[in-house]
Amino acid sequence: MRLFVSEGAPGNLPVLAAAGRVRGRAELLISTVGPEECMVPFLTRPKVPVLQLDSGNYLFSTSSICRYFFLLSGWEQDDLTNQWLEWEATELQRSW
């Protein structure tokens with residue numbers, strides 16, 4: 001897997017925190033790219049963070065990337081985790 005982040009992108013912090021949970025459980029390469037680099041070929045605008053899976057598929061929602069990392073780490077998500085991820089996606093991301 002390859003995680004693309006960009007300096008100053010608002011979704012980086014939760015994704016990098018969740019990525020720490022998969023350390024030692026999966027191979028993950030983290031690459032820093034420019035904010036205008038398009039990492040997902042079918043999107044019309046650049047978007048980071050982006051997780052490119054080994055299958056070639058992309059996850060480009062901060063919440064979906066975090067949930068994927070939680071799944072890989074074996075961490076059971078509870079209502080509080082889901083509530084914070086939803087808040088981050090609907091409130092925090094909107095403020096940027």
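# Aromatic cluster, sheet and buried residues in a predicted model

Ring pairs join Phe 42, Tyr 58 and Phe 60 into a cluster. The model discussed here is predicted.

User: What is the geometry of the pair formed by the rings of Phe 42 and Tyr 58?
Analyst: The structure holds three aromatic pairs. In the pair of Phe 42 and Tyr 58, the ring centres are 6.2 Å apart and the planes stand at 75°. Planes over 60 degrees apart count as edge-to-face. The pair of Phe 42 and Tyr 58 is therefore edge-to-face.

User: How many residues apart are Phe 42 and Tyr 58, and where does each lie?
Analyst: Phe 42 belongs to the loop between β2 and β3, while Tyr 58 belongs to strand β4. The pair thus links distant parts of the chain, and the separation is 16 residues.

User: Is Phe 42 buried or exposed?
Analyst: The cut-off for an exposed residue is over 50% relative accessible area. Phe 42 has 55% relative accessibility, so Phe 42 counts as exposed.

User: Which parts of the chain does the pair of Phe 42 and Phe 60 tie together?
Analyst: The rings of Phe 42 and Phe 60 have centres 6.2 Å apart and planes at 65°, so this pair is edge-to-face. Phe 60 is partly exposed, its relative accessible area being 29%. Because Phe 42 lies in the loop between β2 and β3, and Phe 60 in the loop between β4 and α2, the pair ties together parts that are 18 residues apart in sequence.

User: In what order do the four strands form the sheet, and which are the edge strands?
Analyst: The sheet is open, its pairing is mixed, and the order of its four strands is β2-β1-β3-β4. Two of these strands each pair on one side only; the edge strands are β2 and β4 (58-59).

User: Which residue in β4 is the bridge partner of Leu 51?
Analyst: Strand β3 (residues 50-52) and β4 run antiparallel and are joined by two bridges. In β4, the bridge partner of Leu 51 is Leu 59.

User: Which strands does helix α2 touch, and what angle does its direction make with that of β3?
Analyst: Helix α2 spans residues 62-73 and packs on the sheet. The strands touched by helix α2 are β1, β3 and β4. The direction of helix α2 makes an angle with that of β3 of about 45°.

User: At what angle to β1 does helix α1 run?
Analyst: Helix α1 comprises residues 12-19. Helix α1 lies across β1 (2-5) and β2, and its angle to β1 is about 155°.

User: Which residues does Leu 59 touch, not counting residues up to four places away in sequence?
Analyst: Leu 59 has its place in strand β4. From Pro 14, Leu 59 is 45 residues away in sequence and 14 Å away in space, C-alpha to C-alpha. The residues that Leu 59 touches, with that exclusion, are Pro 49, Val 50, Leu 51, Leu 53, Ser 64, Ile 65 and Tyr 68.

User: Which residue's side chain makes a polar contact with the side chain of Ser 31?
Analyst: Ser 31 is placed in strand β2 (residues 29-32). With 11% relative accessibility, Ser 31 counts as buried. Leaving aside neighbours within four places in sequence, Ser 31 is in contact with Arg 2, Leu 3, Phe 4 and Val 5. The polar contact is formed at 2.8 Å with the side chain of Arg 2.

User: Which backbone oxygen does the side chain of Ser 73 reach?
Analyst: Ser 73 sits in helix α2 and is buried, with a relative accessible area of 6%. Beyond its neighbours within four places in sequence, Ser 73 is in contact with Arg 21, Val 22 and Arg 25. At 2.9 Å, the side chain of Ser 73 reaches the backbone oxygen of Phe 70.

User: Is Met 1 buried or exposed?
Analyst: Met 1 is located in the segment before β1. Leaving aside neighbours within four places in sequence, the contacts of Met 1 include Leu 28, Leu 51, Tyr 68 and Leu 72. At 12% relative accessibility, Met 1 counts as buried.

User: Is the peptide bond from Val 48 to Pro 49 cis or trans?
Analyst: Most peptide bonds are trans. Pro 49 is found in the loop between β2 and β3. For the bond from Val 48 to Pro 49, omega is near 0°, and the bond is cis.

User: Which domain does UniProt list for residues 1-74?
Analyst: Over residues 1-74 the chain is 27% helix and 18% strand, with the end C-alpha atoms 17 Å apart. For these residues, the unreviewed UniProt entry lists "domain: Methionine--tRNA ligase N-terminal".

Note on methods: Residues numbered from 1 in each chain as written. Predicted model: local features only at pLDDT ≥ 70, side-chain atom pairs only at ≥ 80, totals over all residues. Heavy atoms only, no water. Buried < 20%, exposed > 50% of the residue type's maximum accessible area, 1.4 Å probe, protein only. Polar contact = N/O pair within 3.5 Å; in protein donor to acceptor, adjacent residues only side chain to side chain. Contact = heavy atoms within 4.5 Å. UniProt positions renumbered as here; feature names shortened; annotations may be inferred. Pairing = 2+ DSSP bridges. Axes fitted to C-alpha atoms, helices over the stretch in contact; angles between N-to-C directions. Phe/Tyr/Trp six-rings, centres within 6.5 Å; stacked < 30°, edge-to-face > 60°.
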